[in-house]
Amino acid sequence: MIRLHHVPQTRSMRSLWLLYELGVDFDLKTYGFDAAIKSPAYLALNGAGRVPSLELDDAVLFESGAIAEALCERFPKAGLGRAPGDPERYDWLNWIHFAETISQHVAALTQQHIMLFEDHMRSPIIMKLEAKRLAKTFGVVDQALAGRDHLLSAFSAADIGVAQAVYMGLHYTKSDGFANLQAWYDRVTARPAFQKSLPNNDGIYARDFYPPWDPAGEHG
């Protein structure tokens, strides 16, 4: 039994995309970006009250990188993982977990732009700093993609994790100047499985882009 607990446009989207790419049967339980994942029933699965959570037979995994590793090990024929001993194994692991490096800056910006409702609670300094840090992670991906179509020799779960993190990040930082990243992003997000993982007007982002906040004017 495979069941994914998911909030649209959050880290769990990368687990959903991966499941669609794998083409396996699974149950999907979707929550709003609200208190539903703080319910006692959900906290029994994931005490942090976060997503994703993946029920995999008798186990529960609640880190997106661990979920990617577990699913790729369970369904190796899909070719989305890199097994121990594969020459690309370490690069695959690095990228699977680099998605979280990108996401930590996205989370900080989401907190500032979306979760804090009062202007006096926001910090222009933190918002600018996190946007610059996010752009730096884009640069790392852009450099790695020079002269290649994917992060590894072929499409893998590494592309899924990093591209989904970039998808969230593009709500706060432009891809201008990162031509390799943009070409790769356009290519992998055209895949049917990514398109299927997109929300139906029920995501956390009310805008396509949140510009830097100017406390003297209108905030993003």
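A: Start with helix α3. α3 is mostly covered, with 8 of its 11 residues buried. Buried here means under 20% relative accessible area, exposed means over 50%, and partly exposed lies in between (1.4 Å probe, protein chains only). Helices are DSSP runs of H or I with at least four residues, strands are runs of E with at least two, and both are numbered from the N terminus. The buried residues of α3 are S64, G65, I67, A68, E69, A70, L71 and C72. They pack against α1, β3 (53-56), β4 (59-61), α4 and α6. Contact means heavy atoms within 4.5 Å.

A word on the source. This is a predicted model, with residues numbered from 1 along each chain as its sequence is written. Local features need pLDDT of at least 70, side-chain atom pairs count only at pLDDT 80 or more, totals for chains, interfaces and linings use all residues, and side-chain values use heavy atoms, with hydrogens and water left out.

Now the partner α4. The axes of α3 (residues 64-74) and α4 (residues 89-115) come within 8 Å and cross at roughly 140°. Axes are lines fitted to C-alpha atoms, for helices over the stretch in contact, and angles run from 0 to 180 degrees between N-to-C directions. Angles under 35 degrees count as roughly parallel, over 145 as roughly antiparallel, 65 to 115 as roughly perpendicular, and the rest as oblique.

Which residues meet? From α3 come S64, G65, A68, E69, C72 and E73; from α4 come R89, W92, L93, I96, H97 and E100. The residues of this α3 and α4 contact divide into 5 nonpolar, 3 polar and 4 charged. Ala, Val, Leu, Ile, Met, Phe, Trp, Tyr, Cys and Pro count as nonpolar; Asp, Glu, Lys and Arg count as charged; the others, Gly among them, count as polar.

Next, follow α4 to α6. α4 and α6 (residues 157-169) pack with their axes 8 Å apart, at an angle of about 10°. The two helices are therefore roughly parallel to each other. On the α4 side, W92, W95, I96, A99, I102, S103 and V106 take part. On the α6 side, the residues are A157, A158, G161, V162, A165, V166, M168 and G169. This contact has 12 nonpolar, 3 polar and no charged residues.

M168 leads on to Q9. Q9 touches Y167, M168, H171, P199, G203, I204 and Y205, leaving aside neighbours within four places in sequence. Q9 sits in the loop between β1 (2-6) and α1 (12-22). Q9 counts as buried because its relative accessibility is 7%. The Q9 side chain reaches the backbone nitrogen of I204 at 2.8 Å. For polar contacts, the cut-off is a pair of N or O atoms within 3.5 Å; within protein, one must be able to donate a hydrogen and the other to accept it, and residues adjacent in sequence count only if both atoms are side-chain atoms. Phi of Q9 is near 65°, a positive value in a residue other than glycine.

Another positive phi belongs to D57, near 60°. D57 lies in the loop between β3 and β4. At 40% relative accessibility, D57 counts as partly exposed. The loop between α2 and β3 holds P52. The peptide bond from V51 to P52 is cis, with omega near 5°.

Back to E100 of α4, which meets α3. The C-alpha atoms of E100 and E130 are separated by 14 Å, and the two residues are 30 apart along the chain. E130 lies in α5 (residues 124-144). E130 counts as buried, at 11% relative accessibility. Leaving aside neighbours within four places in sequence, E130 is in contact with H105, A108 and L109. A polar contact of 3.1 Å joins the side chains of E130 and R133.

Last, the domain view. The protein is divided into domain 1 (2-78) and domain 2 (88-197). These bounds come from an automatic or database domain assignment. Taken over C-alpha atoms, the domain centres are 20 Å apart. The contact takes 17 residues from domain 1 and 28 residues from domain 2.
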